[in-house]
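Biologist: Walk me through this model, please. I want each label set against its rule.

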Amino acid sequence: MDPVTLIVAALVAGAASGTTDTVSQAIKDGYSGLKNLLSARFAGDERALQTLDDHEDDPETYEKPLVRHLRESRADQNEEILEAAGAVLRAADEAGVATKYQVLVSGGKVGIVGDHGHVTMN
């Protein structure tokens, strides 16, 4: 999975898990942390910030604009953001929240199981 897809998948998993009462605190905290990192990355770009907020309510409509903002801001190249996104997906997987992807991290190596998985690490 490419880095942009990882971030978007984590945002979708975090937003979707927020609609249930039984969601783990790890997912809530991870999702909040990821959104804070992205908000800081988008600082000064009101359209990107609005798209991030709109994506939470309507991921299908706002996925393409969000992807564009992620790439333009180079958020997909920020290790802290990528680690936060991976943490959200791992927490969702551990909590049994259905996600499209499974992220495995072991010994500094990452594995992705899901549609058209691709990993680029530097």
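Biologist: Which residues does His69 contact, leaving aside its neighbours within four places in sequence?
Modeller: Phe42, Asp45, Arg47, Ala48 and Thr51 are in contact with His69. Contact means heavy atoms within 4.5 Å. This is a predicted model, so local features need pLDDT of at least 70 and side-chain atom pairs count only at pLDDT 80 or more, while totals for chains, interfaces and linings use all residues. Numbering starts from 1 along each chain as its sequence is written, and side-chain values use heavy atoms, with hydrogens and water left out.

Biologist: Is His69 buried or exposed, and how do you know?
Modeller: Buried means under 20% relative accessible area, exposed over 50%, and partly exposed in between (1.4 Å probe, protein chains only). His69 has 6% relative accessibility, so it counts as buried. The residue is found in helix H4.

Biologist: What makes a stretch a helix, and where does H4 run?
Modeller: Helices are DSSP runs of H or I with at least four residues, strands are runs of E with at least two, and numbering goes from the N terminus. H4 covers residues 59-72. The protein has 5 helices and 2 strands. Along the sequence, the order is α-α-α-α-α-β-β.

Biologist: Where is Val67, and what does Val67 touch?
Modeller: Val67 also lies in helix H4. Not counting residues up to four places away in sequence, Val67 touches Val4 and Val8. Val67 and Val8 are 59 residues apart in sequence, yet 7.6 Å apart in space, C-alpha to C-alpha. The relative accessible area of Val67 is 16%, so Val67 is buried.

Biologist: What makes Arg71 and Asp2 a salt bridge?
Modeller: The rule asks for a side-chain nitrogen of Lys or Arg within 4 Å of a carboxyl oxygen of Asp or Glu. Arg71 and Asp2 come to 3.7 Å, N to O, and meet in a salt bridge. The pair links distant parts of the chain: Arg71 is in helix H4 and Asp2 in the segment before helix H1 (3-17), 69 residues apart. Arg71 has a relative accessible area of 47%, so Arg71 is partly exposed. Asp2, at 23%, is partly exposed too.

Biologist: How many salt bridges does the rule give?
Modeller: The count comes to 3.

Biologist: Which residues are linked in a network of salt bridges?
Modeller: Lys35, Asp53 and Glu56 are. The closest N and O atoms of Lys35 and Asp53 are 3.6 Å apart. That pair links Lys35 in helix H2 (residues 25-41) with Asp53 in helix H3 (residues 46-57), 18 residues apart. For Lys35 and Glu56, the closest N and O atoms are 3.2 Å apart. Glu56 is in helix H3, 21 residues from Lys35.

Biologist: Which residues gather in the patch of negative charge on the surface?
Modeller: Asp57, Asp58, Glu60 and Glu63 do. Patch residues have over 30% relative accessible area and no salt bridge, and like charges are joined within 9 Å. Lys and Arg count as positive and Asp and Glu as negative, while His and the chain ends are not counted. Glu63 has 39% relative accessibility, so Glu63 counts as partly exposed. Glu63 lies in helix H4.

Biologist: What stands out in the backbone of Arg74?
Modeller: Arg74 has a positive phi of about 60°, although it is not a glycine. Arg74 sits in the loop between H4 and helix H5 (79-94). At 48% relative accessibility, Arg74 counts as partly exposed.

How values were computed:
Patches are made of residues with over 30% relative accessible area and no salt bridge: like charges are joined within 9 Å, nonpolar side chains (Val, Leu, Ile, Met, Phe, Trp, Tyr) within 5 Å. Accessible areas come from the Shrake-Rupley method with a 1.4 Å probe; for residues, only the protein chains shown count as cover. The place of a charge is taken as NZ of Lys, CZ of Arg, CG of Asp or CD of Glu.
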